[in-house]
Amino acid sequence: MGEMSDFQRSEVPNWCPGCGDYAIMGAVKKALAELDIKPHQAVLASGVGCFAKLPYWVKVYGFVGLHGRTLPVAQGIKLANPKLKVIAFGGDGDGYGEGGNHFIHACRRNINIPYFVHNNEVFGLTTGQYSPTAEKGTKSKSSPKGSVESPVNPLALALSSGATFVARAYAGHLKEMVQIMKQAILHEGFAFVDIVQACPSFGKTIPVDKMVYLTSPFLSRGKALEKVVDDDKITLGVFYQEKKEE
Amino acid sequence: MDLTIKIGGEAGFGLAFATDMLARVFLKLGYHIYSSKDYASQIRGGHNYHNLRVSDKDVAADRQQVDCLLAFDQETIKQHLHFISPKGIIIMDDNLKIDFGCNVGASAQLNSEVKVIMIPLKKMEDELKEKRIRNSILIGAFCKYFNIPFHILEESFKDIFKEKPQHIERNILAARKGYDIVTGQPIYPIEVNHDHHLNKKPDIFSGNQAIAKAAVRAGLLFHAQYPMTPVSEILHYLSLEAVKNPELVVLQPEDEIAVINFALGASFAGARSMVATSGGGFALMVESIGLAGMAEIPVVIILGQRAGPSTGMPTKNEQGDLNFALYSGSGDFSHVVIAPASIEECYIETMRAFYLAEKYQLPVIVLVDKQLTESFKSINIDEINQHLITSQTVDFNSTVSPNNTGQFNLSNLKEQRFGIKNEVVASELQNGLYPRYDGLEKYERTLPGTILGMHTCAGDEHDEIGEITEDPEIRIRMMKRRMNKLNLIVQELPSVSVYGNKDLQNSLLVVSWGSNNITIREAVDILQHEGKKISFLNIKYLKPFLVEEVKNILNQAEKLVLIESNYTSQLGGLISSKTCIEIKDTILRYDGKTFTVDEICAELRKRC
């Protein structure tokens with residue numbers, strides 16, 4: 001097993017105090033260390049947004065590309081060198097808005113990469129506009145009378161697009177998040193994890209009391225889908241996992 | 001001999017097959033062939049035609065006259081009758097009508113020597129109990145008129161149906177029926193040409209095939225493409241190639257944005273990568289071209305122009321994307337734009353593109369057009385190989401061992417890597433990471449997987465290890481590093497040369513680029529033969545631009561004229577901005593058609 005310090009860089013991250021990104025970055029380092037993945041074997045790929053700076057502060061190979069375009073880059077890296085451990089990162093604006101099309105097709109394509117999406121329901125780096133996952137009626141700089149669109153349901157989208165690993169984690173629960181990340185990294189196929197995260201500067205308060213954990217994944221895609229489309233709680237854990245078809 | 005055959009009909013009649021077959025027949029007889037097509041953006045119906053030119057010389061341009069018209073529909077007769085040469089021949093379906101009285105030029109009056117041959121295609125198909133085999137019947141009849149031995153036809157069918165042998169017999173049977181219906185003396189006996197310049201194993205390449213074959217030879221490992229006219233054939237060719245070669249990954253992603261980002265990811269991981277598209281798809285790629293420039297990622301982009309803007313005329317020709325290719329992306333960064341000017345150059349310049357992209361870690365655009373990509377011709381691969389020796393002036397890479405002459409043979413490209421550092425020692429590290437963006441004339445990266453080679457490949461402004469920064473000093477250093485690439489590349493490009501009359505002071509100098517090149521060359525040959533003083537400058541390297549060389553040539557010429565297939569004379573604009581020389585006399589076309597040799601000759605005769 002490796003050490004988290006193997007992935008430590010000397011630069012200091014410039015995220016806001018209290019940002020969930022710190023916890024997510026820590027969890028990634030811990031998952032990599034516990035899975036004994038060496039720094040030179042790992043590639044972290046991201047796009048644009050607060051979250052997207054994560055690869056700058058982990059001592060591995062990083063690829064920080066364009067807004068929404070991480071999944072094609074990450075899949076390209078993996079196809080060119082399947083020996084690498086490639087992890088893709090998205091944000092709710094980056095991954096569900098700008099890169100929504102790539103998300104659907106990455107689910108279909110089922111290439112062996114985990115995809116962690118930092119979901120705080122707000123655009124942080126552009127100072128607080130509502131994002132594709134914001135509740136309908138969310139008031140923000142760009143929606144002074146409340147947003148008019150229904151939010152994207154990322155888990156339902158993933159399940160209906162053929163994803164073979166679908167999970168949700170909470171950035172405030174480090175131990176559980178590391179566990180889910182490790183399962184995603186070990187999954188053979190496209191492994192999607194939506195990570196509920198607070199934005200201390202622009203986001204709403206996270207209703208932690210509504211969080212419940214699944215004890216085990218649903219046995220069918222249909223059952224998992226039924227749960228995610230009609231869930232009055234914030235259910236966390238692995239919703240669905242299937243073995244890659246050869 | 002120089003024969004132009006035109007094969008016309010509705011889409012779905014098998015015109016492409018008929019053209020391909022006749023091309024193979026003439027190749028077996030020892031002739032050079034060249035074929036272009038004009039078709040509508042629909043799968044069935046419409047009016048399409050294919051030109052096939054057969055010559056004892058190497059040809060690659062369209063003539064206006066038609067020596068033999070193979071007509072499958074009335075529209076073919078209507079549109080092309082007035083271009084029939086005085087001793088031309090029309091072979092057509094017997095249910096079609098011909099009326100020399102209307103819509104006809106002086107060359108094809110009723111009393112001319114034009115031969116019209118009616119073939120009862122429907123009746124013969126019925127006798128054969130076949131439905132869609134009239135193209136093979138017509139080819140059979142054609143071959144008899146031209147005294148071509150039937151066994152040549154048989155061999156060609158066997159070649160063309162190598163992968164589908166079940167079709168050989170029935171097509172040979174149909175061709176035999178067409179061959180036998182013709183009686184009497186052949187009208188235009190064709191001799192087997194022994195005195196040709198093709199090598200022993202001639203091949204036929206389209207521009208698309210030349211690009212795809214060159215990419216494979218250059219060591220292509222990753223190709224992504226969303227289908228788009230006029231470059232879809234590259235995707236088809238490479239998809240088949242990937243079946244044979246498990247190392248090659250060929251992918252059809254969800255859109256062109258995904259296409260180029262897949263390629264950038266693969267290239268970052270070390271695979272030589274290529275994408276191909278046309279104007280609309282290229283528009284989607286533009287942001288990522290800037291990323292490749294900023295993060296210094298090699299990628300080869302094939303941009304096959306068609307008539308724009310927007311969807312435009314998808315199957316028609318234009319050279320309207322030069323400015324777009326030159327100025328694609330926000331901010332200042334280095335990228336290369338090369339415009340091959342023949343099918344042979346599609347091959348050579350694609351290999352050069354891979355070389356430059358990897359060595360200088362930047363995007364290289366190979367700018368072609370429908371006329372180049374979808375036309376095909378007989379190829380002498382030995383001649384191409386001679387052109388693969390290129391000068392290599394910048395030898396900053398320790399992993400390469402160039403020979404002493406300062407030349408690099410592109411044919412060995414697959415075996416050589418550029419700018420890739422395989423071993424890193426701890427003393428080279430900065431803040432524990434590899435300074436992949438270090439130096440003003442050194443472009444060396446580590447591939448993921450290399451021990452101690454970690455860094456960030458960054459679309460943000462970054463320092464040597466790829467760490468995000470907004471520090472003004474680092475910004476200046478990195479801008480200079482990226483922009484310096486063009487200064488180095490320009491030293492590696494082959495010199496510009498003038499075709500035709502070298503005495504420019506008493507000459508009309510024609511300037512052009514891309515697919516017009518071969519057509520203009522042939523026109524210059526004809527006009528020189530007529531005693532005219534005429535020269536031609538083709539500009540192949542658009543970015544970086546060989547400013548001094550071009551300026552020097554333009555300054556010497558007595559008169560200048562520019563030929564382009566676009567509305568705004570985009571090359572003219574580039575020349576003017578680089579050399580301060582404005583070429584006011586222009587011959588421009590933007591009707592979706594390509595220039596014929598005859599049209600160019602007529603225009604140039606007015607000027608010299």
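**Reading a helix, a sheet and a chain contact**

Reply: Helix 16 (residues 516-529) of chain B lies across strand 18, strand 19 (508-512), strand 20 (534-538) and strand 22 of chain B, and runs at about 165° to strand 20 of chain B. Keep in mind that this is a predicted model.

Me: Thanks! How do strands pair in general, and in what order do the strands of the open sheet in chain B come?

Reply: Strands of a sheet pair through backbone hydrogen bonds, either parallel or antiparallel. In chain B, the open sheet has 5 strands in the order 18-20-19-22-23, and the pairing is mixed. From one strand to the next, the twist averages 25°.

Me: Which are the edge strands?

Reply: Look for strands that pair on one side only: here they are strand 18 (498-500) and strand 23 (586-588) of chain B. Strand 23 of chain B runs parallel to strand 22 (residues 559-564) of chain B, joined by 3 bridges. For a spot to look at, find B:Leu562, which stands opposite B:Thr586 in strand 23 of chain B.

Me: Now the two chains. How many residues does each chain bring to the contact?

Reply: Chain A gives 33 residues and chain B gives 40 residues. On the side of chain A, strand 2 (61-64), helix 2 (70-80) and helix 4 (100-109) each supply at least two residues, with the largest share, 8 residues, coming from helix 2 of chain A. By class, that side of chain A has 16 nonpolar, 11 polar and 6 charged residues.

Me: In which sense do strand 2 of chain A and strand 17 of chain B pair?

Reply: They pair in the parallel sense, over 3 bridges, with strand 17 covering residues 456-458 of chain B. There, A:Val64 has B:Ala458 as its bridge partner.

Conventions:
Residues numbered from 1 in each chain as written. Chains lettered and ligands numbered in written order. Predicted model: local features only at pLDDT ≥ 70, side-chain atom pairs only at ≥ 80, totals over all residues. Contact = placed C-beta atoms within 7 Å. Helix = DSSP H or I, 4+ residues; strand = E, 2+ residues; numbered from the N terminus. Nonpolar A, V, L, I, M, F, W, Y, C, P; charged D, E, K, R; others polar. Pairing = 2+ DSSP bridges. Axes fitted to C-alpha atoms, helices over the stretch in contact; angles between N-to-C directions.
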